[in-house]
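Hi everyone, thanks for coming. Please have the sequence and the 3D view open while I talk.

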Amino acid sequence: MQKFVFWLFSQNTSTLTMDLFDVWHFLYLFIIFGTALLLTLLLRKKADEAKLRAIHIFTILTVALYIADFFLMPLSDSYGHQISQDKLPFHVCTLMSVLMPFVQFNPKLSRFRDVIVCMSVASSLMWMCYPGSALGGRPPFSYVIFQTFIFHGSLFLSGFLSLSLGQVRLSLKKLWKELVLTLIILAWAYLGNTVYPNNQNWFFIAYSIFPFLPDKVMPPVVVFCVFGTCFVVHMIYFAACAIAKKHRERRTPQA
């Protein structure tokens, strides 16, 4: 039984490989973005209860995938049949998967929902566009690639549907909250990198992941990139709202 399970989660069961922006990468992106748009179209005229149910499903799924990963990693040779410390919630995406249920299900924390939703969309979008931890010549449907794409895709869908279905609204006047949260995550990741052994690089601030950038500049670079992506999410959100408003006005009969 153990041999079968190890074979099932092995990355050596296929000769296919996945690289950045190849057909497999685009296939995962197509499935995730296509699901986001399809669900938005199907649910946009439904009652708020149906919209919230869909958002909550992906919120719960994200947490379930995150927890299940700690039990499944030891079965995969991608992780050397061990639990990876890197999966602890010191990266922005893993941290958002832990925080998202609190703001979605606890009314007392709902005032933080907009910043967590924006950060979840921004961070998962950044990873999906450059899935560094899922590359390296592994098969496209091996456990490490399938799990990380489904996890980030679920986190993205939870945040995206919150915005596209009108359950969360963004405001440029409150964009400072994303900057504050980014700095909090920076301090949180610094604590993790300092306390835990094995040369961790949570939030990519301990050492550079780019050969053309020195280690010392990574903290401000990461803060700029994350906050910059949050700003882009705001711009896309406002553009989509403007387009939707014009579409509604065009369809409204004139008196």
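Predicted model: local features only at pLDDT ≥ 70, side-chain atom pairs only at ≥ 80, totals over all residues.

Residues are numbered from 1 along each chain as its sequence is written, and side-chain values use heavy atoms, with hydrogens and water left out.

Let's begin inside. A nonpolar core here means a set of buried Ala, Val, Leu, Ile, Met, Phe, Trp, Tyr and Cys residues joined through side-chain atoms within 4.5 Å. Buried is under 20% relative accessible area, exposed is over 50%, and partly exposed is in between, with a 1.4 Å probe and protein chains only. The largest such core has 59 residues, and those touching the most other members are Met96, Met119, Phe149, Leu163, Ile185 and Phe203. Among the helices that each supply at least two residues of this core are α2 (23-43), α5 (113-129) and α8 (218-251). Which helix gives the largest share? That is α6, with ten residues. Helices are DSSP runs of H or I, at least four residues, numbered from the N terminus. In general, nonpolar side chains in soluble globular proteins tend to be buried together.

Zoom in on Ile185. Leaving aside neighbours within four places in sequence, Ile185 is in contact (heavy atoms within 4.5 Å) with Val92, Leu95, Met96, Met119 and Phe203.

Now the surface. Leu27, Phe30, Ile31, Phe141, Phe146 and Ile150 form a nonpolar patch there, with about 590 Å² of accessible area together. For such a patch, nonpolar side chains (Val, Leu, Ile, Met, Phe, Trp, Tyr) with over 30% relative accessible area and no salt bridge are joined within 5 Å. A salt bridge is a side-chain nitrogen of Lys or Arg within 4 Å of a carboxyl oxygen of Asp or Glu, and accessible areas come from the Shrake-Rupley method with a 1.4 Å probe. Helix α2 gives the largest share of the patch, three residues. Phe146 sits in α6 and counts as partly exposed because its relative accessibility is 43%.

Beyond its sequence neighbours within four places, its contacts include Arg169, Lys174 and Lys177.

Methods:
Patch = residues over 30% accessible without salt bridge, like charges linked within 9 Å, V, L, I, M, F, W, Y side chains within 5 Å.
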